[in-house]
Each structure stands twice: as structure tokens, then as C-alpha cells.
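The sequence and structure come before the text.

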Amino acid sequence: MKKDLIDAVENKSRKKEIPYFEIGDTVDVHCRIEEGGKTRVQVFSGIVIARKGRGMNEMFTVRRIVSDEGVERTFPLHSPNIVDIKPLRSGKVRRAKLYYLRERSGKSVRLPKRHSKHTATT
Amino acid sequence: MAMLLGKKVGMTQIYDESGQMTPVTVLLAGPCTILQVKTTQTDGYCAVQLGFEDVKPSRVKKPEEGHAKKSGTTVKRFVREWRFPQLPEETYKPGSQLDVKIFSGVQYVDVSGVSKGKGFAGVMKRHGFGGMPASHGTERKHRTSGSLSGHGSDRGHGGNLKKGKRMAGHMGMDRVTSRNHKLIWIDEANNLLAVKGAVPGPAGGYVEIRTAKTKK
């Protein structure tokens, strides 16, 4: 009963469909940003290194290397500002949190490619 | 003014169109049955007695049953009074029901409940004392209150502590009112209210929800 009642509130802002993506995927995150009164969509692409939280609280972290500097952004999965998430490439990984990538640089940052259905078309 | 009895369901978060996230507490509010209407003539003050949630018939006590019978209803588990300076008599009748609709148009609410029990707590947790230094010769006294009294602060108490000196002791399980929660959403179909922020007590705890006293 408790779950149903909380669902009733959450359904107000819950996203109907969330693109399927996994840890280790290289993704394009399309997020809406407001700039000088105008809104536009910005794309942040990188490797998904963590997903945490349940239900409406779920967040995911994307890491990329920008001019030799590691950049991580954590997004709320259900935020309406996250317009789209496009998985491009699956990586072969053996754990749920890829924090070990933070200690790596250069060639060793790359994950071996894995063939997966959800990234097969892209 | 509006008041309802209810139950804390739990917390979650919702987003508005601009992407702003709001932490909300979901409250199951009502429907409440009016068990009794008290008036100045009969009781010396004006109030409406509200009841929330039925009790299993086998657990009902006879006097409670008699009290409920007067208003033609069943025994309720959570009963509280809603006080008025003067009673608008026609609107509230014994046996009638109140639901979340009475909160329509209300912007802010106060929520009262019984806080979670913390057991025997020290002064740092219970009263927010600073404790003692971690080093510089402090031994086995890191979380104590320090000295209890001095000549100046306890003057006129004959060598005793002032009454009400804040010390370690039982914390929690108190009636707590948290004020001015923004009322985010009213769900008439499920009798739900979503209020901004955390309210006292555990999920499943009984709460009183009132129109905010100070903030309009």
C-alpha cells in the first residue's frame, strides 16, 4: 500500500521511458540548459561510471577527458532537463562502479568494446 | 483554517517543468470522521473531534463503542480535537466526513507528530552542546557537557543546580510540530497530500495536519 501511494505522487514527474544503458557505456547525455533567458540542448558525452539511488532518486555519473583533465557530471535520471540519453558503445567491465578509471590516464582509460544489443545499431 | 488527521507514508522527490527538484513527504490525510462537536454551552469550549482509521471490531472497548455510536460511526484509532474560537455550527455535524478537499487553496501547512525515539542521548546530540576538545590533554571527556554550574549562573539556588539544567537523557518520542511546509500537491482520488520537506515521526506514524499558523 505504501508503495502505491508514493507512486501516485511520483508518477507526476516520473519519466515514462528511460533509455536503456549500462555501466561502462559511452553515452551522449542531452541536457537542457538555460542561458541568458534562452534554453538550448547541450550534449555531454562520456563513460557511465556509476548509477546509484532507487526510483525517483536515481542518479548516474558520466566521466570524460577534456584536454587531459577528467571531468565528471552526475545527472538525476528523472530530471526533465535530461532530454535524452543515447548509448553509443558498450564497454567490457567487471564492476558496478568504475571509480578506478579516475586513477588512469591515456590509453588505459579506454574500455574494451563489448557487443550488446542496445548499442548494436549505433 | 483546516485540519485533518493522517499518516506519514514516506518521502520522495518530484521535479517541476523547469527541472527544479523538491523533496516531499507523502501524507495519507483523512478521510476523517467527526465523532463529536463540542460547544461552549456543553463543554466550555468549541471544538470538533476528528477520528482517523477504523479499529478492528474485536479490539474495540465498550466505552469507545458507545462514544462512536452517538455520532453513528465506528471506533477510530487516532482521535484528536480541532479547536475553534467560535464554532461555525452548520458546517460540521457528528458523523460527517472531512477529506483533503478542505485543504484546497491552502498554501502552507503545519504538521504535528511524535518524533522518532533516540533512546538515552548525550548532551551533544540532545542539546547540541559543543563537547570538549579532542586533544590538548582531554581524557575520557570528549563528549561531556563540562562543568554544570558556577557561582554566577546558579546564584540564589543555594548550592543546587538550576532546575531545567540541560543534561543527557531520553530523546525523541516527543510531540513535535514542524511549521510552514509548502503544500505541493493534493490528490483527491487517493486522499494524499504532498508537503515540502520532512515531517516528524517514522513512516506510518500518525500526524495532524493544520493550515499554517504564521505563514499565509
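## Two residues of chain B

The model is predicted. In chain B, the loop between S10 and S11 holds B:Asn191. B:Asn191 has a relative accessibility of 16% and counts as buried, because the cut-off for buried is under 20%. Leaving aside residues up to four places away in sequence, B:Asn191 touches B:Leu27, B:Leu28, B:Ala29, B:Gly30, B:Pro31, B:Asp99 and B:Val100.

B:Lys69 is part of helix H2 of chain B, which covers residues 62-70. Its relative accessible area is 62%, so B:Lys69 is exposed, the cut-off being over 50%. From the C-alpha atom of B:Lys69 to that of B:Met173 the separation is 32 Å. These two residues are 104 residues apart along the chain.

## Confidence

For the complex, the predictor gives an ipTM of 0.75 and a pTM of 0.81. Chain B has a mean pLDDT of 88, with 99% of its residues at 70 or more.

## Contact between chain B and chain A

Chain B brings 20 residues to the contact, and chain A brings 16 residues. About 1500 Å² is buried between the two chains, and carbon and sulfur atoms give 69% of that area. Of the area that chain B buries against chain A, 38% is supplied by B:Val9, B:Tyr15 and B:Trp185, more than by any other three residues.

Between chain B and chain A there are zero salt bridges, while five residue pairs are in polar contact, both residues being at pLDDT 80 or more. On the side of chain B that touches chain A, the elements that give two or more residues are strand S1 (3-15), strand S2 (21-29), strand S10 (175-187) and strand S11 (192-196). S1(B) provides the largest share of this side, with seven residues. By class, the side of chain B that touches chain A consists of 11 nonpolar, six polar and three charged residues.

## Salt bridges in chain A

Side chains of opposite charge can pair when their charged atoms come close. Over all chains, the structure holds 17 salt bridges. One of them joins the side chains of A:Arg114 and A:Glu22, at 2.5 Å from N to O. This pair links distant parts of the chain, 92 residues apart. A:Arg114 is in strand S6 (residues 113-114) of chain A, and A:Glu22 is in the loop between helix H1 (2-10) and strand S1 (26-35) of chain A. A:Arg114 is partly exposed at a relative accessible area of 27%, and A:Glu22 is also partly exposed, at 21% relative accessibility.

A:Arg51 and A:Glu58 form a salt bridge through their side chains, at 2.8 Å from N to O. A:Arg51 has a relative accessible area of 24% and is partly exposed, whereas A:Glu58, at 16% relative accessibility, counts as buried.

## Salt bridges in chain B

In chain B, the side chains of B:Glu53 and B:Arg77 meet in a salt bridge of 3.7 Å, N to O. B:Glu53 belongs to strand S4 (residues 46-54) and B:Arg77 to strand S5 (residues 76-84), so the pair ties together parts that are 24 residues apart in sequence. B:Glu53 is partly exposed, with a relative accessible area of 25%, and B:Arg77 is partly exposed with 45%. Elsewhere, B:Arg80, B:Arg175, B:Glu208 and B:Arg210 are joined into one network by salt bridges that share partners.

Methods: Residues are numbered from 1 along each chain as its sequence is written. Chains are lettered from A and ligands numbered from 1 in the order in which they are written. Side-chain values use heavy atoms; hydrogens and water are left out. Contact means heavy atoms within 4.5 Å. Buried area is the accessible area (1.4 Å probe) that two parts lose on being put together, summed over both. A salt bridge is a side-chain nitrogen of Lys or Arg within 4 Å of a carboxyl oxygen of Asp or Glu. A polar contact is a pair of N or O atoms within 3.5 Å; within protein, one must be able to donate a hydrogen and the other to accept it, and residues adjacent in sequence count only if both atoms are side-chain atoms. Helices (H or I, at least four residues) and strands (E, at least two) are DSSP runs, numbered from the N terminus. Ala, Val, Leu, Ile, Met, Phe, Trp, Tyr, Cys and Pro count as nonpolar, Asp, Glu, Lys and Arg as charged, and the others, Gly among them, as polar. pLDDT is the predictor's confidence in each residue, from 0 to 100. Buried means under 20% relative accessible area, exposed over 50%, partly exposed in between (1.4 Å probe, protein chains only).
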